[in-house]
Amino acid sequence: ICKVLVEVVDVNDNAPELAVSSFSSPLPENTVPGTVVALFSVRDRDSGANGKISCALQDQLFFSLRPAYKNYYELVTVSALDREETAQYILTVTAADAGSPPLTTTQTFTVDISDVNDNAPVFNQTSYTMYVRENNGPTVFVGAVSAADADVGLNAKVTYSLAAAQAAERPSCSCISVNSENGHVFVLRPLDYEQLRQTEVTVSASDAGSPPLRANVTVRLVVVDENDNAPLVLYPGQESSPASSELVPVSAEAGYLVTKVVAVDADSGQNSWLSYHLLRATEPGLFTVGVQSGEVRLRRPVTERDSVKQKLVVLVRDNGKPPLSATAALSALLLKDFSDVRLPHSSPAAEDEGGSLTTYLIISLVFVSLLFLISTAAFVARKVCKRKELKAGHVLYGADNLPSSLADAAAAGTLPRAYCYEISLTTGSGNSEFRFLKPILPSLPPQQCSVGQGPDGEQDFPCVPVSPGD
């Protein structure tokens, strides 16, 4: 009997085994270095060199492996992570034994990086310039601002608003508004280029993170000029009355500078380019106006046929579309000697005074004519009314309308009695009716009259008092 001991020689026929105990994913991007991402263990059922295991992490700069205890390993971070650069990491861990040939086992870890609000919104331009024409309508769209956030989710949702002006800065214009959702910029009310040529506001973009991050950008609004102002004549003044006259010697030659029209335009650019044109003149061929300069000069020498007083109207026009214009009225006196300047200068006042006197005379003549017509009409109307009364047939003679001489005679006793007669006449009839009424005067003593010859050869009727019985 013998005892045979058979020793089985190990052959590297078992690959390493890897068991994951814990794994963290997703991983916040603000994870500090040294944070454990995964914990796993390895084992090999072979023995000796065939069971000796080594682990390695392939091509990684942000993670590493470190032994924990016995056959456990930790997968840890070695540097700061940035989700905006790499949102996901695929880690491959290889476990190999020391056999010949060696056997290996690989384990893949997919690590997602979760977002943290560590990025503020960024505008696509460092500043914005927008244009709007003056006299614009209300709520006109002039442009848009845009900002992007590298984060995701609520951390990347951007809203826009107007930032409050700093205390040291000028207050921003209240005429600008920005849409909080899309960043569209609007002008709320009409603007006037002559009052506001440009303005600046600060637009703020804020995300919805906690805490929120924001960024600011400057928006410059430029008002574009419109041709809405007519030229203004500064010289000669158009408000003085009477207007001053320029003195021109009759001996002046062609090209003599009479005066210069000076005008300005509140607009800008081409809208303020002015040109001068001779619109009207007493002698159009005597004067010429510089188109660009506004200088009024003699085109030819003065002749005796030219009027002493010359009136000119100069048109001042800008270069806008459509063009606007103004007129300048001026006068010139052609004098042989400047000592006669009083007479021409006083002539406008005399003309005005003469014109006023003529107006007063015309008004007086019209008033007198109207008064004459009214008087004539009243007289004719009165005559017509009297004629109508006569044709009606009623004429009354009473005590009120008796002739004064007859009444006096009756009162003195030269007439026997004074009676009131009522005569009724009918139109178209020869019959008349006389009715005796009561005496008007008190009863007088009867008188006796005799017929005689008067001193002038006419019959006389002397009357003497008689008794009642006679």
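R387 sits in helix α1 (residues 342–392), where helices are DSSP runs (H or I) of at least four residues and strands are E runs of at least two, numbered from the N terminus. This is a predicted model, so to speak only of what it can carry: local features need pLDDT of at least 70, side-chain atom pairs count only at pLDDT 80 or more, and totals for chains, interfaces and linings use all residues. Residues are numbered from 1 along each chain as its sequence is written, and side-chain values use heavy atoms, with hydrogens and water left out.R387 counts as exposed because its relative accessibility is 58%; exposed means over 50%, buried under 20% and partly exposed in between, with a 1.4 Å probe and protein chains only.

Now for the strands. Four of them make an open sheet with mixed pairing, in the order β2-β8-β7-β4. Its edges are β2 and β4 (53–57), each pairing on one side only. Two strands pair if DSSP finds at least two bridges between them.

| Strands | Sense | Bridges |
|---|---|---|
| β2 (residues 27–28) and β8 (residues 104–114) | parallel | 2 bridges |
| β7 (residues 88–97) and β8 | antiparallel | 9 bridges |
| β4 and β7 | antiparallel | 5 bridges |

As for individual partners, P28 bridges to S114 in β8, and L91 has F109 of β8 as its partner. C55 stands opposite A95 in β7. β7 and β8 also form a hairpin, with 6 residues between them.
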